[in-house]
Amino acid sequence: MQLRRLNLYPRLLLIFCCLLIASTAFITLFNQASYARELESSTVKYRSALVQNAMYKLQQQKEGIEENLSAVLRSENVLRAVRENQELSSRPQQSAQPALQKNRAVIESALLSARRRSSGIRALVLVSAGEQYSASDSFGKAGGPVARDLDALYESEIYQGAVKERGYPFWRDSVHDTPTLFYESETSQFGIPGCVTLSYQVYDLRSRVPLGVLICCISPGFFTDALREYSTQDGGNTFIIGENGLLEGIGAGLSAPPFPRQRELLHQQVFARTQGGFTFETDDKELLVSFCGDPSFPIRVVNLTYRDWVLRPAVRQGQINLLILIAVIVVGAFGFYVTAVSVAYPVNRLIRTMKRVGDGDLDAMYQAVSRDEIGTLCREFDRMVSDMKELIDRVYVSESREKELELAEKNAQLDALQMQVNPHFLYNTLDLIRWQCLDENGGESPASDMIEKFCVLLRMTIKGERKKESIGESLLHAETYLEVVNFRYKNKISLHTKLDFEPDAYQIPCLSLQPIIENAVRHGFPGGDREGRAITVCGTRRSSDTIVLTVSDNGCGMDAAQLERLRSSMETASADGNHIGLRNVNQRCKLCYGGHYGIEIESTEGEGTSVRLTLPAQAAVITEEIHSV
């Protein structure tokens with residue numbers, strides 16, 4: 001109610017400002033926050049897919065090494081050589097030395113082949129009964145990697161884990177073990193840098209007796225080289241980390257986050273489950289962490305991305321939105337002011353003009369010059385005032401006299417129509433003529449029969465106010481019509497009916513079938529009296545709500561041009577003297593039932609014409625019996 005005290009212009013300005021401020025708050029706050037959440041969610045999903053693909057590639061590398069070493073474990077020559085060396089170790093050294101050297105060569109050759117098949121293997125050592133066999137160098141010289149302290153090796157997790165797994169592969173992050181356990185050669189001063197190890201318990205394939213442990217040291221670079229394509233990805237760094245301290249970056253970028261100093265806390269969360277993602281805070285920055293791993297593999301693939309880097313597009317979009325909204329407010333306020341003034345001024349002027357007219361000054365006019373909606377309204381107001389003056393000045397007596405003259409003229413036309421021949425009078429007169437013929441001829445005569453049939457036909461035509469009849473009644477009407485027509489011919493026109501339903505069960509508009517048959521008689525058989533003339537009426541029920549009546553004749557038919565003219569005339573309301581009955585039936589059906597009902601015509605010159613009448617399947621409520629006169 002308080003707003004009603006303000007004029008329209010201040011009221012609209014207030015509403016405009018409220019809507020604009022509300023939309024601004026919605027777009028800049030809610031919409032921006034929603035966009036940021038969606039952006040973060042899509043980034044997390046993308047990073048998760050990234051580390052999953054990287055882990056899949058890592059598993060392929062892992063399975064390749066396992067398959068490479070399993071070839072050694074399944075080699076009969078290698079296992080036989082190990083088994084024989086275990087047996088020869090108890091014999092005198094002099095006699096067994098040649099066989100021992102031969103078997104060692106077989107074992108170390110197999111180890112060298114396995115090492116060459118996998119570029120990432122730093123050391124490949126088979127420990128059996130106090131002896132150790134290693135792959136020779138690339139030139140085939142002996143003196144490959146060795147474990148100097150076998151007792152320490154036996155106590156290590158590398159060896160004990162392989163024994164516990166009983167022939168299954170045992171992977172371990174051994175970055176702190178390999179520098180003290182394995183050396184490149186007997187003369188090396190430093191151990192092999194931290195590696196990932198794979199160890200197997202070696203069994204005799206027949207007796208399943210343990211023969212030793214095969215240990216493979218793999219450089220972490222072997223895995224990172226295979227994952228180069230998963231390095232820095234849109235501001236993120238990807239790492240592989242091991243359960244015992246392994247940390248390797250995959251082409252880490254300087255602009256992306258390094259591995260955080262809170263390594264233990266992050267390490268604990270990553271190895272708590274196989275895969276997932278979380279937010280990690282370090283050095284006052286939030287990291288989006290995505291990781292993936294394998295329960296049987298001690299390495300996880302981890303991707304780190306700064307959260308604020310991910311949200312930078314949302315921040316930039318928010319700034320752009322703010323600038324756009326400020327521009328919209330300025331332009332909108334100016335445009336609103338100009339538009340409101342252009343509306344308020346003519347409206348106020350129109351109000352003043354209406355007050356003058358209300359006070360009785362019918363000469364007050366607005367005289368608008370604008371072409372917009374308000375100008376149209378004002379011009380219509382001026383026209384209304386002018387018409388009002390004209391109505392007041394008009395002489396009501398003269399107008400009443402004109403109305404009386406029009407009414408008299410209508411009555412005269414009605415009287416003229418009523419003076420036309422009464423069909424009942426014609427029917428009664430023909431009946432008297434028939435009886436006179438019977439009396440003069442002493443009984444039946446062709447003339448009396450013809451008059452009788454015509455009277456029946458006339459009686460069917462004058463059915464009073466009825467607008468519909470059953471299909472059976474229409475067929476009876478057609479038969480009677482043909483009987484009257486056949487009086488003229490020696491060779492009669494035959495009528496055949498083929499209906500797949502009860503004819504008295506459905507009703508159609510009166511005089512729908514008879515004009516079609518009359519058209520067939522008049523235009524189908526113009527050549528006079530010839531044999532074999534026939535008209536066929538077929539009735540089918542096309543669906544639950546449609547029936548089709550087809551009237552076919554074996555007359556002269558039409559050529560394509562005549563058929564096209566006839567089809568065109570069916571759609572016009574003007575009568576040209578030809579086929580008036582067909583046009584009348586077609587238009588009545590379309591007006592009563594809809595455009596998809598009515599008449600369709602097919603004709604072939606020299607073969608005949610078919611007229612198909614489509615009507616709704618309406619059940620006949622009352623069926624009248626037609627009696628002959």
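In this predicted model, the largest nonpolar core comprises 44 residues, and Leu69, Leu111 and Phe223 have the most contacts inside it. At least two residues of this core come from each of helix 1 (8-73), helix 2, helix 3 (93-117), strand 1 (121-128), strand 6 (195-203), strand 7 (210-218), helix 7 (220-226) and strand 12 (297-306). Helix 1 gives the most, with nine residues. Apart from this core lies another, of 36 residues, which includes Leu475, Ala478, Tyr506 and Met558.

Beyond its neighbours within four places in sequence, Phe223 is in contact with Leu58, Gln61, Trp171, Val196, Ile218, Ile240, Phe297 and Ile299.

Turning to the cysteines, the count of disulfides is zero. The closest cysteine sulfur to that of Cys195 belongs to Cys217 and is 5.3 Å away; a disulfide needs sulfur atoms within 2.5 Å, so this pair is too far apart for a bond. Cys195 is buried, at 1% relative accessibility, whereas Cys556 is partly exposed, with a relative accessible area of 33%.

Finally, Gly318 sits in helix 10 (residues 312-358) and is buried, with a relative accessible area of 10%. The C-alpha atoms of Gly318 and Ala33 are separated by 9.3 Å, although the two lie 285 residues apart along the chain.

Note on methods: Residues are numbered from 1 along each chain as its sequence is written. This is a predicted model: local features need pLDDT of at least 70, side-chain atom pairs count only at pLDDT 80 or more; totals for chains, interfaces and linings use all residues. Side-chain values use heavy atoms; hydrogens and water are left out. Helices (H or I, at least four residues) and strands (E, at least two) are DSSP runs, numbered from the N terminus. Buried means under 20% relative accessible area, exposed over 50%, partly exposed in between (1.4 Å probe, protein chains only). A nonpolar core is a set of buried Ala, Val, Leu, Ile, Met, Phe, Trp, Tyr and Cys residues joined through side-chain atoms within 4.5 Å. Contact means heavy atoms within 4.5 Å.
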